[in-house]
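Trainee: I would like to go through the labels on this model and hear what backs each one.
Mentor: Good. Ask, and we will set values against cut-offs.

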Amino acid sequence: MPRTPHLTLPALSGRRALVTGASDGIGLKIAQRLAGAGAEVILPVRNRSKGEAAVARIRHEHPGARVSLRDLDLASLGSVAALGQELRADGQPIHLLINNAGVMTPPERQTTVDGFELQLGTNHLGHVALVAHLLPLLVAGRARITSQVSVAARSGAMHWDDLSWETFYDGRRAYGQSKIAFGLFGQELERRSRAAGWGITSNLSHPGVAPTSLLGARPELGRERDTPQIATIRRLSRAGILLGTPDSAALPALYAATSPQAVGGRIYGPDGFGNLGGGPAEHALYRPLRDPEEAAKVWTVSEALAGVSFATAAGVA
């Protein structure tokens, strides 16, 4: 059996954390560790029954854990806005936001409720809108925001001529674009927070490669069976060869979100061969994520597509 690298989290009592995609897989592991360190953890979920099972697992592992469910479908900007309104009405600062949820390579092109290519809309635009709607709470909590990207963001580029891949659909390139866009947004969020004095720290993480539901059977995505890739990933992970496990794959995001040594504007991922598995470490920023002008363009276009304004949310317009 592969051994999970050790990571000690700081005490998080009195901290409020929100983790997207925490009903299973890496997100659930992240939520479990945060709850175990004393944080109050919010799980916004699309599937209530999966969410309730996740809460039960966390409370079984950590009796007395403060964990709650909210409703969220990142593929619906209306759902994102509703969650933002609900949490703003609570009025409690958010100290940690881990943007972890995502979808990957549906067999055929699909769209969100709002008409965007599913991966761009869910992985990127839904999270952009979430950050904007929660901005007052994040500023109040001087939050650390960790956005989960992927090794798929190492190469490729923004498909500016056709962001939603309407003319020609390539699921893998569309997935890579969604993660590049999200990484550029995370970098720009760090720059704008510093310039505006929001007090928010924004960094990036990636989990390497581990067996999760991303490439498994997902009937809601039109994938009735596991992909051939996930079978190979499971075998290698069980054998401890190259790849990580859901436990180890959660560590980079946990390190980026909680470690005093992790800072804004950096990316953290596994330290093993090819950065596919291992313990958390800082990496050189992927080349597609380095251009500030590209990041500013992603920010502006994403605000328009998601129908949000960070300036208005911050109370400066």
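Trainee: What makes the link between the side chains of Glu188 and Arg192 a polar contact?
Mentor: Those side chains come to 2.8 Å. A polar contact is a pair of N or O atoms within 3.5 Å; within protein, one must be able to donate a hydrogen and the other to accept it, and residues adjacent in sequence count only if both atoms are side-chain atoms. The 2.8 Å of Glu188 and Arg192 is within that limit, so the label holds. Keep in mind that this is a predicted model, where local features need pLDDT of at least 70, side-chain atom pairs count only at pLDDT 80 or more, and totals for chains, interfaces and linings use all residues. Residues are numbered from 1 along each chain as its sequence is written, and side-chain values use heavy atoms, with hydrogens and water left out.

Trainee: Why is Glu188 called buried?
Mentor: Its relative accessible area is 7%. Buried means under 20%, exposed over 50%, and partly exposed in between (1.4 Å probe, protein chains only). At 7%, Glu188 is therefore buried.

Trainee: Where does Glu188 sit, and what does Glu188 touch?
Mentor: Glu188 is in helix α5, residues 171-196. Helices (H or I, at least four residues) and strands (E, at least two) are DSSP runs, numbered from the N terminus. Leaving out residues up to four places away in sequence, Glu188 touches Pro292, Ala295, Ala296 and Trp299. Contact here means heavy atoms within 4.5 Å.

Trainee: What makes Asp24 and Lys50 a salt bridge?
Mentor: Their closest N and O atoms are 2.8 Å apart. A salt bridge is a side-chain nitrogen of Lys or Arg within 4 Å of a carboxyl oxygen of Asp or Glu. Asp24 is in the loop between β1 and α1 (25-36), while Lys50 is in helix α2 (residues 48-61). A search of the whole structure finds twelve salt bridges.

Trainee: Why is Asp24 called partly exposed?
Mentor: Asp24 has 26% relative accessibility, so it falls in the in-between class. Lys50, at 35%, is partly exposed as well.

Trainee: How do you know that Asp247 and Lys29 still qualify as a salt bridge?
Mentor: The closest N and O atoms are 3.6 Å apart. That is within 4 Å, so the pair counts. Asp247 lies in helix α7 and Lys29 in helix α1, so the bridge ties together parts 218 residues apart in sequence.

Trainee: Which pair do Arg70 and Glu86 form?
Mentor: Their side chains meet in a salt bridge at 3.1 Å, N to O. Arg70 is in strand β3 (residues 67-71) and Glu86 in helix α3 (residues 77-90). Arg70 is buried at 12%, whereas Glu86 is partly exposed at 37%. Salt bridges that share partners join Arg16, Glu40, Arg66, Arg70, Glu86 and Asp90 into one network.

Trainee: Why is Phe273 called exposed?
Mentor: Its relative accessible area is 67%, which is over 50%, so Phe273 is exposed. Phe273 is found in the loop between β7 (267-270) and β8 (280-283).
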